[in-house]
Amino acid sequence: MSVPIEAKEISLRFGGVKVLDRVSFTVEPGSIHALIGPNGAGKSSTFNVICGLYRPNEGLVLVDGQNVGERHPYQVAELGLGRAFQNIALVAHAPVVDNIMVGRHRLMRSGFLGSALGLPGSRKEEARHRERVIEIAGFVGLGDLLDAPAGSLSYGGRKKIELARALASEPKVLLLDEPVAGMPVHEKQEIAAIVRQVRDDLGTTVLIVEHDMPLIMSLADRITVLDFGRVIADGLPDEIQQDPTVIAAYLGEEENAIDTEVMLQVGIEKEHRP
Amino acid sequence: MSKTSIPDAVDASAVRLARPTSVWTRPLLIAVALVVMAVLPLYLDAQMLKIGSWSMAAAVGAIGLTMLVGTAGQLSLAHAFFAAVGAYGYAFLAAPENGAAWPPALAALGGIVIAAFAGLLFSPVAARLRGLYLGVASLGLVFIGQHLLKNLVPVTGGVNGRSVTPFDIFGFQLSGGSPAFSVAGVPFGAQERMWYLALFSLLVAIYLANGIIKRRPGRAFTMIRDNQAAASALGINVQQYKAAAFVISSAFAGGAGVLTGLAYAYLTPQNFGLGLSINFLAMVLIGGLGSVGGAVVGAVIVTATPLLLASFAAGSNLLAEGGSGGYEAGTVSSILFGALIVILIIVEPGGLARLGQRLWQRVRGAGVTSTKGTP
Amino acid sequence: MKLIQVIILGLSLGAIYGLIALSFVTIFKGTKVFNLAQGSVMIVGVYVTAQLSGPIGFFGAAAAGILAAALLAAILDRIVALAPRGDHLVLTILTVGLDIILVAETSRLIGTKFVTVGDPWGSQTITLLGATVPVTRVVALVVGLVLIAAFFLVFRKTRFGIRMRASSADPETAALMGISQRSVSLSAWAIGGGMAAVAGIFLAMFPNPGLDSSGHLLAFHAIPAVIIGGLDSSEGAILGGLIVGVTQTVVTSYASSLRFLGEGIGDISPYILMILFLLVRPSGIFGTKELVRV
């Protein structure tokens with residue numbers, strides 16, 4: 001059985017800038033795998049390569065054993081990849097329920113003719129999927145807000161819509177790009193619990209990018225660390241926490257050693273770009 | 001990232017929902033509107049009926065354009081071209097001499113299909129271009145269209161134009177006056193019948209467009225408009241949908257063209273120049289991008305205003321005569337529309353539809369009690 | 001027509017189109033808005049020139065016309081700036097609204113007349129390399145090339161030009177470095193308006209009878225140049241302009257043998273070329289290719 005995601009020696013250049021440099025890692029099925037690193041390390045670019053938005057200059061990505069390289073993003077989505085975006089990509093003026101319904105697109109069959117004519121098959125399909133969306137919305141805590149315009153929700157609320165939409169596509173692999181950024185602690189715990197539930201009950205594999213260290217340490221089964229577009233560490237949370245290269249990457253070698261473990265637990269990272 | 005401006009973050013508990021209205025309110029309003037529309041021909045004179053038919057014909061086109069520009073986010077200035085294809089397509093197919101002599105109903109469908117096919121031919125270009133880029137490039141189609149209309153003389157009659165065979169079903173004319181027929185003492189001539197033909201077509205157009213917009217295709221279009229990359233990553237075949245949006249809007253434009261041809265009974269290339277494309281865009285903007293109801297309202301406003309102004313000012317000295325170089329009805333109308341577009345975009349880009357929505361919500365007591373930051 | 005004649009005429013028309021195309025691109029690069037009212041700005045510049053050229057002579061009038069167009073463009077920019085930022089599609093539709101107003105007013109003023117600018121060269125011709133060409137077109141070619149060279153010099157070498165390019169490439173960072181988006185915007189539009197006016201003034205000269213109330217559509221004939229060159233490339237605009245000018249002139253000169261393609265095939269040949277280009281290379285010769293696949 002093939003692994004959900006396998007990245008092999010991915011390199012990506014924009015003009016003269018090397019954004020990713022021979023990045024390789026494997027995501028095991030049914031696991032929560034975290035991708036961490038300082039700002040600008042290449043995490044979002046990695047996501048974009050995996051889902052097919054960027055074509056890597058070298059290397060390849062296998063999703064469920066299939067080479068993503070020549071495929072359009074919608075074809076990669078059809079392989080069972082779902083994605084929640086870092087910069088919220090919602091339709092602000094549309095109600096929450098419609099935003100989540102977009103996630104059902106690849107699971108539905110209604111075409112232009114069926115929809116335009118309002119054929120019974122189309123209507124029934126619409127109703128069926130709408131029910132499922134209402135369930136998913138309840139699952140993430142948006143049950144009361146289905147008809148509100150997506151733009152009227154708080155930042156945390158909109159992040160939840162993003163997550164719900166990604167879940168709505170019933171993916172085998174879920175890409176979460178900073179799903180809890182900007183949320184208060186109790187909401188972060190809620191989301192973390194949902195992610196765990198998705199892994200445990202649905203068997204979904206999760207690849208998550210996040211900056212919240214304590215959250216990652218408690219949530220992730222395995223962690224890959226990027227810095228300057230390169231993989232500098234890959235292993236279990238405990239190993240990563242102790243790894244001197246990781247600590248140096250986050251804090252900068254010039255800094256005096258403060259109790260780094262405390263620093264990591266508090267989740268402080270320093271921007272160390274020139 | 002969503003392009004429409006997002007209001008300040010609101011605590012969900014502060015969103016006050018409307019007083020519940022009866023589930024019968026909307027259907028009742030629609031029924032009333034339909035009855036009014038059905039009965040009006042008994043009371044309006046020929047000039048007003050013409051304005052009505054022309055407005056409804058334009059509305060069919062505006063609905064197609066609002067789906068393309070408003071829902072799918074693809075600007076197009078080629079709408080006039082596809083209207084021309086539909087109009088001249090029908091005229092040629094229905095003509096008993098110098099034409100294919102098809103039954104008018106079939107010819108009308110044929111005109112729409114040809115317009116859709118023309119859209120299909122251009123769709124590979126449409127699919128690859130970003131919304132704005134497409135708008136700029138689509139100008140070319142209008143000019144090419146003008147060239148074709150002026151030069152394909154056997155089909156189009158060239159610069160002098162050609163007449164349009166009236167629409168009839170088994171001999172009963174729906175855009176002409178024969179056989180003679182009266183309702184409640186009011187003779188139902190060409191204008192009255194054209195009104196019903198246009199009304200029927202408009203209702204069909206509204207039904208189909210609503211079906212598309214509120215279901216899966218419409219949601220895909222809206223996603224494409226706001227964020228193409230995200231749409232693709234969510235499993236939407238962006239190129240296919242952009243092409244489809246273009247073909248569908250071309251079909252609606254073709255329908256508008258057929259109706260306009262029937263209403264005018266004569267076609268000339270000047271009717272289908274850049275001015276018509278810009279008029280369609282004005283209708284869609286004024287009504288509200290993406291709103292079917294708005295497109296209809298916009299169509300009525302843009303079509304009727306110059307004509308009503310002209311007849312209103314005919315007797316008085318308020319406006320100058322046509323061609324005099326003064327402020328005539330056409331000039332004043334254009335300035336009004338241009339100003340309306342500018343003001344709406346600055347103040348309420350959602351157009352009249354959004355303004356209407358806000359007014360309706362205020363009447364029902366809905367709204368937001370306070371704006372708070374993220375808790 | 002002899003080949004050399006066609007080439008010179010084509011290049012001079014190309015220089016004119018290049019100026020208009022450059023004006024579109026400058027505004028687009030400065031503000032990401034495609035100014036569909038550019039044709040009307042051009043007409044206003046020509047009209048002012050025409051009105052003043054009797055009283056104060058051609059050159060003064062032309063200067064006034066160019067300034068008037070630049071000023072009008074700057075005003076349009078400030079109106080566009082009033083609208084909510086972000087959705088460039090809607091902002092472009094806003095320029096359509098502005099164009100509707102301007103076209104209505106200029107059509108009213110021009111009526112059925114032809115607007116001529118009273119230039120000193122009239123219908124004189126000159127013989128160059130064995131070909132007889134109108135003096136107006138030679139002047140157009142020279143002026144066009146000089147302006148284009150000046151444009152590139154200003155934008156590459158002066159501080160002003162570098163600030164404009166920086167803001168165009170990354171408005172936020174440029175703003176942080178003290179480059180006001182507002183002044184960049186105003187400058188881009190004013191320069192664009194002025195360049196379009198220069199082109200318009202030449203278009204109103206011999207061998208054209210002048211500009212009539214549909215003259216604003218002439219600016220749109222430069223759009224194939226913009227598309228072929230690449231919507232965001234200044235070099236592309238020039239090259240596109242030259243390609244379009246030469247194509248149109250060549251096709252028109254062979255019009256008698258191409259009669260089967262219809263009367264006026266030369267005038268729409270740029271658009272056909274544009275569509276062919278869009279099928280093969282949508283981003284244009286020098287345009288930025290989209291990196292993100294959809």
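**Charged and aromatic side-chain contacts in a predicted model**

A:Asp200 and A:Arg199 are joined by a salt bridge, with 3.1 Å between the closest N and O atoms; the term stands for a side-chain nitrogen of Lys or Arg within 4 Å of a carboxyl oxygen of Asp or Glu. A:Arg199 is buried, at a relative accessible area of 16%, where buried means under 20%, exposed over 50% and partly exposed in between (1.4 Å probe, protein chains only). The model is predicted, so local features need pLDDT of at least 70 and side-chain atom pairs count only at pLDDT 80 or more, while totals for chains, interfaces and linings use all residues. Residues are numbered from 1 along each chain as its sequence is written, chains are lettered from A and ligands numbered from 1 in the order in which they are written, and side-chain values use heavy atoms, with hydrogens and water left out.

Over all chains, the count comes to 24 salt bridges. One of them is formed by the side chains of C:Asp87 and B:Arg225, at 3.0 Å from N to O. This pair crosses between chains: C:Asp87 lies in the loop between α3 (58-82) and α4 (88-110) of chain C, and B:Arg225 in helix α8 (residues 216-226) of chain B. Helices (H or I, at least four residues) and strands (E, at least two) are DSSP runs, numbered from the N terminus. C:Asp87 is buried at 11% relative accessible area, and B:Arg225 is buried at 15%.

Within chain B, a salt bridge brings together the side chains of B:Glu348 and B:Arg358 (2.5 Å, N to O). The two partners are ten residues apart, B:Glu348 in the loop between α13 (329-347) and α14 (351-364) and B:Arg358 in helix α14. B:Glu348 is buried, with a relative accessible area of 7%, whereas B:Arg358 is partly exposed at 41%. In chain A, salt bridges with shared partners connect A:Lys18, A:Asp21, A:Arg22 and A:Arg230 in one network.

Turning to the aromatic side chains, 18 aromatic pairs are found over all chains. Rings of Phe, Tyr and Trp (its six-membered ring) pair if their centres lie within 6.5 Å, and planes under 30 degrees apart count as stacked, over 60 as edge-to-face and the rest as tilted. B:Phe221 and B:Tyr241 make an edge-to-face pair, with 6.0 Å from centre to centre and 80° between the planes. The pair links distant parts of the chain, 20 residues apart: B:Phe221 is in helix α8 and B:Tyr241 in helix α10 (residues 238-264) of chain B.

C:Phe151 is buried at 8% relative accessibility, and C:Phe152 is buried at 18%. In chain B, ring pairs link B:Phe81, B:Phe82, B:Phe122 and B:Phe246 into a cluster.

A ring also takes part in a contact with a charge. The charged end of C:Arg108 sits over the ring of B:Tyr327, 3.9 Å from the ring centre; such a contact requires NZ of Lys or CZ of Arg within 6 Å of the ring centre and within 35 degrees of the ring normal.
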